[in-house]
Amino acid sequence: MTFTRTIAALAVASLALASSPHRAQSQIGGVTHVDTVQAPSLRDNLIGDPDWRLATVYLPPSYSKNPKRRYPVVYLLHGFAADHRAFMKGAYQNLNVRISMDSLIKSGAIREMIVVTPNARDFFDGSFYANSVTTGNWEDFIVHDLVSYMDRKYRTIRNRTGRGLAGHSMGGFGTLRVGMKHPDVFSALYAMSPCCLGSAGPLTASDVRSWKTALGLTERSQFAKAGFIPNIYYALAAIYSPDPSRPPFFVDLPMKISGDSVVFDQSVTPRWAQNPLAMIPSHVASLKRMAIGFDAGRQDGFPDIPANVQRLDSMLTSLGVAHTAELYEGTHGSRIRSRFESKALPFFSKALH
């Protein structure tokens, strides 16, 4: 047989193998789409961000084959300075939601679910999923615009028992804050390394440098180069202390410079008191209706995160709110994939129905 005929024969054999029903079926998995979601809740925000958002949507393997079947939905919220691609593009230990979901579904470890990640990266690099006159009503976007869009377009389970809310870091903040306020929309919450849950502690030298940088910004063109931590300060100010009378950022920062020192601005700091931990006592009835899980790495570079996770665990225990909590060996981002695959997804697979 000539070389050309050999190659042709191998090509035909490969085509036949690939097109056989058994072979084709074994390779079919879930699919992802990037949708554009209209966001009336974000309209007329002072910072000038658009009133639409991209969202990555994962549909499980059987979605296209069972036109009458409905599926639970996990709304997965990304962290600060990330976007809707965060859990897809491999930045977290090569995490790709589609590959993880397909693998776990195939092994029988989890049930089929839809997973949705909206892009919540705004001018300040993160919305914290909260309502603000400055950045728009992000809580309303998640609870109303996004959920309604998903329920209209896809075959979702259209009640709270089929909806879960999860997130990492800023997304964990949003998960707890939005979730406890809307038990009529979501029935299960899982927060991974949730940030910014409590009030700030004593200022470190690094904190002082970051606050001085933040307080020195006077033009929007300076914002992107200010750095990760100063940007977070502005993002939090947009939800805790927005100020329509103070362009170009339309926020009041809770610190001020006094001589060579950075001190608390007592005219602003009381407005920062409604953090997620402070909200819990008034939302006990709502929390008791939900399945709740959260975790953090012991070696997190943001030491307030594991400390506040422990505080959250103690608070919920003392209030009689059922939950699971865990501190594990790891940093802020070192085990996102393993925690997502081994903890969060099985949690929702069991909790949603």
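This is a predicted model: local features need pLDDT of at least 70, side-chain atom pairs count only at pLDDT 80 or more; totals for chains, interfaces and linings use all residues.

Analyst: Residues are numbered from 1 along each chain as its sequence is written, and side-chain values use heavy atoms, with hydrogens and water left out.

User: Why are α3 and α11 called oblique to each other?

Analyst: The axes of α3 (residues 97-107) and α11 (residues 336-351) cross at roughly 45° and come within 11 Å. Angles run from 0 to 180 degrees between N-to-C directions, and axes are lines fitted to C-alpha atoms, for helices over the stretch in contact. Under 35 degrees counts as roughly parallel, over 145 as roughly antiparallel, 65 to 115 as roughly perpendicular, and the rest as oblique; α3 and α11 are therefore oblique.

User: Which residues make the contact between α3 and α11?

Analyst: Contact means heavy atoms within 4.5 Å. Val 97, Ser 100, Met 101 and Leu 104 of α3 meet Arg 337, Phe 340, Glu 341 and Leu 345 of α11.

User: What makes β1 and β12 edge strands?

Analyst: The open sheet has 8 strands in the order β1-β2-β4-β3-β7-β8-β11-β12. Strands pair if DSSP finds at least two bridges between them. β1 (31-38) and β12 (324-328) each have a single partner strand, so one side of each lacks a neighbour in the sheet.

User: How do you know that β2 and β4 pair?

Analyst: β2 (residues 52-59) and β4 (residues 114-118) share 4 bridges, in the antiparallel sense. Ala 55 stands opposite Pro 118 in β4.

Key: Helices (H or I, at least four residues) and strands (E, at least two) are DSSP runs, numbered from the N terminus.
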